[in-house]
Every structure is written in C-alpha cells, then in structure tokens.
Amino acid sequence: MDAEAYGGRNDRGQSEVQHDLPRLLDRAARGTGLDRAQWQIQRKGDEQLAVRPLDGTEPRLVDDYVRHLVAELRAHNAQRVPEARMRLRVVIHQGLVELADNGFAGTAVVATARLLNARALYDALAAHPDAGLALLLSDDVFRSAVAGGHTTLTAADFTRVAVQVKEYEATAWLRVPERGAPATASHEPGAAETGKPAAPASGEPAADRSEPAAAGGADSAAAISNTYRGDRINVTNVAGAVDARGAVFGFGSVGG
C-alpha cells in the first residue's frame with residue numbers, strides 16, 4: 001500500500017505520514033483479529049510491502065481488514081484539514097516470495113508493485129475525493145477469495161480493469177469500499193466501461209444481487225408479517241465473553 005500525495009508534503013508532513021501509517025495499519029489488523037507482528041514488512045517512506053504466509057485467513061484480509069482500515073482512515077482524517085488527510089492505494093496479491101539481500105524478490109513482488117502503480121487506482125482516488133482508499137485485487141486473489149464465495153463481497157462490488165505498467169499486463173479488480181458500488185473504471189487500454197458493474201470472466205460465478213421488493217406492492221401485505229411468534233424463537237445462552245471480531249451475524253425466524 002502507498003499513501004497518496006506523499007511527495008507534495010513538507011518534511012514535517014512526510015514524517016507524520018510515516019508515523020501514522022503503521023499505526024493505522026496495526027489498529028486495522030487488531031480490529032480484524034490479525035497479528036501484523038507475524039508479517040514480514042518492507043518499509044519505504046509512505047509505502048509498505050507486507051508479506052504473510054498463506055494460512056486460510058486470506059478472505060479476512062480482503063474483507064474485514066480492508067473494512068477496518070477504511071474505518072481507521074475515516075477516524076484519522078476526520079481530525080485533519082483536507083491537505084493533511086491520508087488516503088491509500090491498496091493492492092492484495094498472492095504468490096511465492098523470496099527474501100533477498102536487499103528486500104523481497106520474486107515475480108509476485110514485481111506484480112504487486114506494478115498493480116500498485118496502476119492508473120486505475122489513481123483514477124479511482126481522483127474520482128472519489130472523499131474516499132480513504134482504493135483497493136485493487138489481483139485476478140488470482142479475486143477468483144479465490146471473492147468469486148470463490150469466501151467473503152461478504154460479490155463480483156458486483158468490483159470493476160474489472162486491465163492493468164498495463166511497464167512490461168506487466170494483467171486483469172485486476174478495483175473497488176472503492178466507501179462508495180459501496182463499482183469504482184470508476186481505469187482509462188487504461190481494455191478497461192471496463194465507467195460505471196458498469198464488474199463483468200465476471202468466463203467461468204466465474206455471475207453476480208447475484210437481487211433487487212429489494214417494491215414497497216406497497218400488491219403482494220406486500222401477504223409477504224410481510226409483524227406477528228410475534230414466541231413458539232418459533234430459539235434462545236442460545238452464552239456464558240462469559242465472546243470474541244466476535246470478524247464475525248458476520250444474520251437473524252431470522254425459525255421456519256422462515
């Protein structure tokens with residue numbers, strides 16, 4: 001991830017970014033129940049490359065961690081004038097990484113760096129000046145975590161973009177979480193059209209988001225009932241504290 005407009009800040013402003021960025025990232029991880037102390041992090045001023053082992057919690061990184069990071073940025077920026085606010089370009093990719101003499105090496109590292117410099121991320125932040133971050137998933141991460149159904153997100157929450165940076169060309173998936181809708185498409189060659197929902201590639205599950213029923217329709221009285229049915233309620237008693245970080249709750253009556 002990389003902080004926007006770092007080079008345009010004066011020395012004190014750059015120092016503040018370097019001070020605040022790791023703290024925001026740490027708090028977002030704690031809120032998600034992830035331990036950043038277990039990650040290997042390569043720092044470069046306003047930028048961090050974090051490497052973590054594949055351990056089955058990758059969907060939480062895509063879903064919960066980004067959600068907590070958005071909340072941390074919102075709280076941070078609420079206390080600052082516009083020019084002092086922090087906004088991030090965030091990329092999530094997966095692949096093999098080798099620890100070399102001067103940092104991490106490997107095609108996955110290069111791909112992550114290229115994705116981070118994708119025009120689509122810059123365009124998304126420019127199009128949504130109130131957003132704290134723009135997120136870009138590599139195609140591998142999108143297919144395994146989102147299209148695979150392991151997050152609360154769907155394909156319709158992303159816009160497919162074509163990334164071309166130097167020698168690197170790939171499909172990636174763009175989202176501005178605070179917009180709650182597909183982000184502005186990239187202006188790069190082959191990008192999806194602006195404002196259109198993500199178009200799943202061949203073989204991906206189609207976006208499945210039904211429209212809410214119209215209020216006051218002819219069948220609404222029959223479909224909605226406020227009748228209390230005590231005989232259809234199950235109660236679960238839990239003794240002691242419950243760690244529900246990262247949990248998703250749903251409520252419904254027995255029998256539908």
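How much space lies in the largest cavity? About 50 Å³ of space lies in the largest cavity, and the tour of this predicted model begins there.

**The cavity**

Select R9, G13, E16, V17, D20, H76, R80, A84 and M86, and you will have the residues that line the largest cavity on display. The structure holds one cavity of 30 Å³ or more. Colour the selection by class and the lining of this cavity separates into three nonpolar, two polar and four charged residues.

**The largest pocket**

Next, select L49, A50, V51, H93 and T112, which are the closest to the centre of the largest pocket among the 40 residues that line it. About 940 Å³ of space lies in this pocket. To see what surrounds that space, show the strands β2 (40–44), β3 (47–51) and β4 (88–92) together with the helices α2 (58–78), α3 (107–116) and α5 (139–146), which are the elements that give two or more residues to the lining of the largest pocket. With six residues, α2 gives the most to this lining. If you colour the lining of the largest pocket by class, you will find 25 nonpolar residues, seven polar ones and eight charged ones.

**Along helix α2**

Keep α2 on the screen and follow the helix from one end to the other. This helix has 21 residues, and from its first C-alpha to its last it reaches 29 Å, which is close to the 30 Å expected at 1.5 Å a residue. Stop at Y65, on which a kink of about 30 degrees in α2 is centred.

**The second largest pocket**

Now move the selection to N77, R85, R87, P129 and D130, the closest to the centre of the second largest pocket among the 16 residues that line it. The second largest pocket has a volume of about 290 Å³, and its lining is made up of six nonpolar, two polar and eight charged residues.

**Two backbone stops**

Select A5 in the loop between β1 (2–3) and α1; A5 is not a glycine, yet its phi is positive, at about 60 degrees. Then go to K166, which is found in the loop between β8 (159–165) and β9, and which likewise is not a glycine but has a positive phi, here of about 55 degrees.

**Confidence along the chain**

Finally, colour the whole model by pLDDT. The protein averages a pLDDT of 78, and 70% of the residues score at least 70. Among the elements of the protein, strand β9 (residues 168–175) has the highest mean pLDDT, 97, while helix α6 (residues 220–223) has the lowest, 40. Select residues 186–228, over which pLDDT stays under 50, and for which the model has 58 contacts beyond four places in sequence. Residues 245–256 also stay under 50 in pLDDT, and for this stretch the model has seven contacts beyond four places in sequence. Where pLDDT is low, the predicted coordinates should not be read in detail.

Notes
Residues are numbered from 1 along each chain as its sequence is written. This is a predicted model: local features need pLDDT of at least 70, side-chain atom pairs count only at pLDDT 80 or more; totals for chains, interfaces and linings use all residues. Side-chain values use heavy atoms; hydrogens and water are left out. On a 1 Å grid over the protein atoms alone, a cavity is a set of points where a 1.4 Å probe fits but cannot get out, and a pocket is an open set with protein on both sides within 12 Å along at least five of seven lines; lining residues have an atom within 4 Å of a point. Grid points are joined across faces, edges and corners, and a volume is the space filled by probe spheres set on the points. Helices (H or I, at least four residues) and strands (E, at least two) are DSSP runs, numbered from the N terminus. Ala, Val, Leu, Ile, Met, Phe, Trp, Tyr, Cys and Pro count as nonpolar, Asp, Glu, Lys and Arg as charged, and the others, Gly among them, as polar. pLDDT is the predictor's confidence in each residue, from 0 to 100. Contact means heavy atoms within 4.5 Å. The expected span of a helix is 1.5 Å times one less than its number of residues. The bend at a residue is the angle between axes fitted to the seven residues ending there and the seven starting there.
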